[in-house]
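Hello,

Here is the structure I promised to pass on. Please open it beside this email and follow along.

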Amino acid sequence: MDFNALLRTCTCARALKRLHALLLVSGRSGDVFLYTKLVTIYSLLGDRRSSLLSFDQITGKNIFTWNSLISGHTRSGRHSEAVGCFHRLVTETSVRPDAFTFPAALKACEQPADARRLHAWILKLGFQWDLFVSASLVHAYSRSCLMADARKVFDDMPVRDLASWNAMISGFCQNGNAAEALSVFEEMVKRGVGVDPVTITSVLPVCPPLGNLPVGLSIHSHVVKRGLDGDVFVSNALVNMYSKSGCLGDARQIFDAMPERDLVSWNSMISTYEQGGDSNTAFEFYHRMKVSGIEPDALTLVSIASAASQIGDAQNGRSVHAFLLRRGLDSARILVGNAVVDMYAKLNDMASARRVFDGLHTRDVISWNTLITGYAQNGSAREAIDAFHALQEQEVITPSQGTLVAVLPAYAHVGSLQQGMRIHGLSIHIGLKSDVFVSTCLIDMYAKCGRLGDAVLLFREAPRRSSIPWNAIIAGHGIHGHGEQAAKLFREMEEEGVKPDKVTFISLLAACSHAGLVDQGQSFFQSMHSKYGIEPTRKHYACLVDLLSRAGDLDAAHDCIRSMPMKPDASVWGALLGACRIYGNVELGALAFERLSEIDPENVGYYVLLSNMYAKVRKWQGVDEVRSLVKNRGLKKTPGWTSMEVGTEVHVFFTGSFSHPRSEEIYKELRALLERMKALGYVPDHSFVLQDVEEDEKEHILQSHSERLAIAFGIINLPPGTPISIFKNLRVCGDCHSATKFISRLTEREIIVRDSNRFHHFKDGLCSCGDYW
DNA sequence: ATAGGGTTAG
């Protein structure tokens, strides 16, 4: 029987197994020639066990046998096994490696030490003059980031083929040394070595990170000149080069001109559109891809998941998830699981995000960062912090830049200075303190935790070439009411040649608004478009409306809303309603509320504002109506709470609660304070109580507001003269605001209250906001 | 009978 011919026809595992069984009984069991072929075919079919079994059955293994085994391991990604086999071969047998052995073993090298050890064997056995062996060595070194060694081997080669040159280029690329990669390419062209599709696909990806479009264009013309543009790999690389350089049109043109397209071509276009924020076109390409008969892979679905979350398309999102589960792609790659977690988080469905996260077989640092960011961006700072703590218990995973950027805003949000400082320490420890994003989050955290001075110090040390840290420090001055400082920083930013962006103007306008700098704010708003070419968004209009209306010019604010080129959203009407409450403008307030209840009917905050507005002008009927509206619609007032950090502990106080262990003393202190405050002229303002209760009950509610409990706790807990720093989850109550002024005078303490909007520094009976809030 | 270099990524 001609087993050799039969083996050649075996393309499926079952046929091969039958033949293998036949071999066992045919008297040719263990035949070197036939069984070596078995090793190869089993390994090609992915059957590691049978491949190893055949290998063991061979009597008199020769170098062909070993080469088959080593390359089989390598091909299947079992790199350390391949390297191990090589060592067994050279140390435990008398079989001599040949020129085929080294390329296969070198391909499996993952550690720098592996490459060096193999290099030593190559020298010992005299294979350094073999072209294939040296070229593989160049590549092994460059993959291990040992570019000096790679270069040395490369320079010593008497003859170099294209593959060696290509290996040098891709080595430099993978080590992030784009400039070197390019210079190797230029040398190739200069020396007339010639280029092939592999050269092009290796060198093109370095152009976008270098910002060097001209080189990209010249490579493109090279491609056309040499007629390489028919190669799918080359076209794909061109598409990516153009799309990453921001030339979407050119990318599209290349794609459209491609005679045939593969999975990568489609994936590239889909991810390009998705990253460019054009989710609809991404979906369109996804459908065209399926129509053209190409099956999506994990990467496709990563882009599609992200596209679905961008357009808030929960239905498509869920169907992407279902598709992934059906195809069994979720366990294949962490990448996909992370993308699905991210997708649900962006669709504001943290319960599903958590379920997918919990179900992941393995989690990497990105999985955790995605979860933490999801919680933080859905306003669940506590859960974000808990998730971060859970991550820290996983000793195998080291926090990354993304982790710090995810958790710092959560600490900033709850005003946890001590914990934030711990992260500052961690950032230094893991060498990320001069990362732009990390420093910006630290600046933001210090500012929001009341340490504007420290925020400024950090800002002065941070890299300041991009607008990002500037935006944070400007916003920081804004929430502390230092509008003039914010404007000064903006001018400094301009002088340093840093281009402001959309966020810069939001920070700046908010700062002007908090400080009552109406004229400056308006002129910044004007210059935003005329001088910087930035189109104002709804958020910018919201800031402007806030600025005008807070200053008392409610009509101008209303005109501003009417002049908006887009439909005003809740933040715009909310700003107006807030001001109507301050000035008691019932008509305009009712109008704003009407719009708000169309846009965001579930948000109780607006009902509270409306009720307070009626109370302000003593329209008790209005107050009653709002109260029953809240009741009828089944809405619950967001519970108010205030937190205070003492050392590493965080104390949380809820309005009217006795849950704190020192409640008795706290209420006693508050009663004593109230008498002394009244003697100084404090009159409780019951209009801030929304509940429908008797007058004396209203007084009791006011006196047990969470901010007061926290302040009283500070008074009895902290040594006299120490400032008291607290954080309130909602806006500070108006009556508490005036009470705090009295308390600061009576106790001769600085009291710093951060609320959901800004800072209030109380001192000697006055507040830094000048009651302008 | 056995071999080296390539494109997409949160």
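In β4, Ile751 is the bridge partner of Ile724. Ile724 belongs to strand β3 (residues 724-728), which pairs with strand β4 (residues 751-754) in the parallel sense over four bridges. Two strands count as paired if DSSP finds at least two bridges between them. Strands here are DSSP runs of E with at least two residues, helices are runs of H or I with at least four, and both are numbered from the N terminus.

A word on the source: this is a predicted model, where local features need pLDDT of at least 70 and side-chain atom pairs count only at pLDDT 80 or more, while totals for chains, interfaces and linings use all residues. Residues are numbered from 1 along each chain as its sequence is written, chains are lettered from A and ligands numbered from 1 in the order in which they are written, and side-chain values use heavy atoms, with hydrogens and water left out.

Back to the sheet. Strands of a sheet pair through backbone hydrogen bonds, either parallel or antiparallel. Here six strands form an open sheet with mixed pairing, in the order β2-β1-β3-β4-β5-β6. β2 (649-654) and β6 (766-767) stand at the edges with a single partner strand each, so one side of each has no neighbour in the sheet.

Now follow the chain onward from β4. β4 and β5 run antiparallel, joined by four bridges. Val753 stands opposite His760 in β5. A hairpin of four residues links β4 to β5. Next, β5 and β6 pair in the antiparallel sense over two bridges. Lys763 stands opposite Leu766 in β6. This hairpin has two residues between its strands, and Asp764 in the turn has a positive phi of about 50°.

Helix α43 (residues 734-747) lies across β4, β5 (759-763) and β6, at about 35° to β5. Axes are lines fitted to C-alpha atoms, for helices over the stretch in contact, and angles run from 0 to 180 degrees between N-to-C directions. Contact means heavy atoms within 4.5 Å.

Next, two helix pairs.

- Helix α24 (residues 365-377) packs with helix α25 (residues 381-393) at about 160°, with the axes 7 Å apart. The two are therefore roughly antiparallel (angles over 145 degrees; under 35 is roughly parallel, 65 to 115 roughly perpendicular, the rest oblique). Trp368 and Tyr375 are among the α24 residues that meet α25, where Phe388 and Leu391 are among the partners. The contact residues divide into eleven nonpolar, no polar and one charged. Nonpolar covers Ala, Val, Leu, Ile, Met, Phe, Trp, Tyr, Cys and Pro; charged covers Asp, Glu, Lys and Arg; the others, Gly among them, are polar.
- Helix α17 (residues 248-257) packs with helix α18 (residues 263-275) at about 155°, with the axes 11 Å apart. That makes α17 roughly antiparallel to α18. Here the contact residues divide into six nonpolar, two polar and one charged.

Last, two loop residues. Which loop holds Cys145? Cys145 is in the loop between α9 (131-143) and α10 (147-156). Its phi is near 65°, a positive value in a residue other than glycine. Cys145 counts as exposed, at 54% relative accessibility (exposed is over 50% relative accessible area, buried under 20%, partly exposed in between, with a 1.4 Å probe and protein chains only). Asn348 is in the loop between α22 (334-346) and α23 (350-359). Phi of Asn348 is near 60°, a positive value in a residue other than glycine. Asn348 counts as exposed, at 59% relative accessibility.

Best wishes
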